[in-house]
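Look over the model, then work through them.

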Amino acid sequence: MLDWTDRHCRYFHRLLAPHALLYTEMLVAKAVLHGDRARLLRFDPAERPVALQLGGSDPGELAEAAAIGAAAGYAEINLNCGCPSERVRSGAFGACLMAEPDLVASCVRRMRDAVRVPVTVKCRIGIDDRQDYEFFARFAAAQADAGVDALILHARAAILKGLSPKQNREIPPLRYEYAYRLKSERPSLELVLNGGIGGLEAARGHFAAGVDGVMLGRAAYQRPALLAAFEREFIDPDWSLPSAEALLEAIVAYARRELERGTRLHAITRHLQGLIAGSDGARAWRRFLGEIATRPDARPELLAAALPLVRGRLAA
Ligand SMILES: Cc1cc2nc3c(=O)[nH]c(=O)nc-3n(C[C@H](O)[C@H](O)[C@H](O)COP(=O)(O)O)c2cc1C
């Protein structure tokens with residue numbers, strides 16, 4: 001998620017869920033090819049496994065960017081066909097690509113030829129007035145035929161004219177039944193469901209309906225302790241939420257290393273806002289993080305001193 005799941009966020013999330021597949025923000029393929037590649041692709045080995053999400057629609061460029069990403073150690077290359085923002089549309093990628101299933105299939109083929117790691121596509125159920133199941137199924141079929149390793153479905157349409165990206169994550173209704181139907185028609189296509197999944201109960205229902213995986217967006221960011229609950233429920237029954245002490249200790253150690261390389265403390269602590277979301281101390285914790293951010297001499301050790309604010313309040 002743009003501006004949210006940067007490498008600092010992912011480092012933190014990995015502490016909560018050792019096996020969840022974490023995704024980068026969308027990186028434009030051209031930027032990977034011509035930009036500050038080392039900075040854009042950098043991640044800490046502890047974040048692994050991480051999937052790299054690319055934006056683009058030029059098969060050659062995407063193949064090259066995918067190869068660079070795979071060589072950098074990313075575990076999966078994902079193509080964004082779901083982002084509705086203006087900026088993305090003018091570059092001819094994101095959700096508007098749902099109208100071009102064959103072009104996307106060519107991108108998938110070229111990327112698959114270029115890497116050994118899985119190549120996946122994240123899409124919507126439709127765009128604008130094309131929200132019928134047949135439109136979606138045609139798009140999915142083209143990607144399946146191209147050998148896509150999984151389809152990740154944000155199960156609502158994107159309205160390219162008239163709705164902001166935020167509204168496009170809220171207003172078009174969720175249609176999980178598209179995912180269930182596709183999965184029943186194409187059982188061999190791996191399907192990961194995304195959109196509005198806020199807890200274990202919902203995820204259990206989707207698995208029971210046949211999907212292969214679930215992807216959490218906002219819920220995982222806003223209530224990161226959920227990640228630990230998902231890890232325990234679906235991956236490792238012996239896993240439990242780390243203690244507040246252990247978490248803060250790990251984050252302080254990470255922040256020390258990062259500050260030495262020039263990272264600002266706030267770049268790390270801003271992702272911790274939801275750590276005790278829902279508990280009675282949540283506001284005091286957020287205020288504390290805000291204060292840290294404005295101190296010019298902010299040191300990681302300040303976080304350790306905040307242990308009493310967090311202790312006993314971690315819960316999904
Ligand atoms: C701040 C923000 C940034 C996002 N950036 C991306 C992105 O870069 N790539 C992408 O595929 N989806 C992006 N999304 C969409 C989410 O991945 C997800 O599909 C959407 O929020 C619905 O899932 P949720 O209800 O679990 O949040 C973003 C969402 C938010 C809130």
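Q: Which residues of the largest nonpolar core touch the most other members?
A: This is a predicted model. Its largest nonpolar core has 73 residues. Those touching the most other members are L54, L62, A66, V108, M111, L153 and A179.

Q: Which residues does M111 touch, not counting those up to four places away in sequence?
A: M111 is among the core residues that touch the most other members. Leaving out residues up to four places away in sequence, its contacts are L62, A63, A66, I77 and V119.

Q: How many residues are in the second, separate core?
A: This core stands apart from the largest one. Its members include Y11, F12, L303 and L309. The count is 18 residues.

Q: At what angle do the axes of helix 4 and helix 6 cross?
A: Helix 4 spans residues 59-71, and helix 6 spans residues 101-114. Their axes come within 8 Å. The crossing angle is roughly 35 degrees.

Q: Is the crossing of helix 4 and helix 6 left-handed or right-handed?
A: From helix 4, the residues P59, G60, L62, A63, A66 and A67 take part. They meet S106, C107, R110, M111, D113 and A114 of helix 6. The crossing of the two helices is right-handed.

Q: How do the residues of the contact of helix 4 with helix 6 divide into nonpolar, polar and charged?
A: The helix 4 side includes L62 and A66, and the helix 6 side includes R110 and D113. The division is 8 nonpolar, 2 polar and 2 charged.

Q: Does A246 count as buried or exposed, and why?
A: A246 is in helix 12, residues 244-260. Its C-alpha atom is separated by 9.4 Å from that of L15, 231 residues apart along the chain. Because A246 has 11 C-beta neighbours inside 10 Å, and 12 or fewer is the limit, A246 counts as exposed.

Q: What is phi of D3, and is D3 buried or exposed?
A: D3 is in the segment before helix 1 (7-16). Its phi is near 70 degrees, a positive value in a residue other than glycine. With 8 C-beta neighbours inside 10 Å, D3 counts as exposed.

Q: What is phi of D128?
A: D128 is in the loop between strand 4 (119-123) and helix 7 (133-145). D128 is partly exposed, with 16 other C-beta atoms within 10 Å. Its phi is positive, in a residue other than glycine, and near 50 degrees.

Key
Residues are numbered from 1 along each chain as its sequence is written. This is a predicted model: local features need pLDDT of at least 70, side-chain atom pairs count only at pLDDT 80 or more; totals for chains, interfaces and linings use all residues. A nonpolar core is a set of buried Ala, Val, Leu, Ile, Met, Phe, Trp, Tyr and Cys residues joined through C-beta atoms within 7 Å. A residue is buried if 20 or more other C-beta atoms lie within 10 Å of its own, exposed if 12 or fewer, and partly exposed in between; C-beta atoms are placed from the backbone. Two residues are in contact if their C-beta atoms, placed from the backbone, lie within 7 Å. Axes are lines fitted to C-alpha atoms, for helices over the stretch in contact, and angles run from 0 to 180 degrees between N-to-C directions. Helices (H or I, at least four residues) and strands (E, at least two) are DSSP runs, numbered from the N terminus. A crossing is left-handed if the near helix is turned anticlockwise from the far one by less than a right angle, and right-handed if clockwise. Ala, Val, Leu, Ile, Met, Phe, Trp, Tyr, Cys and Pro count as nonpolar, Asp, Glu, Lys and Arg as charged, and the others, Gly among them, as polar.
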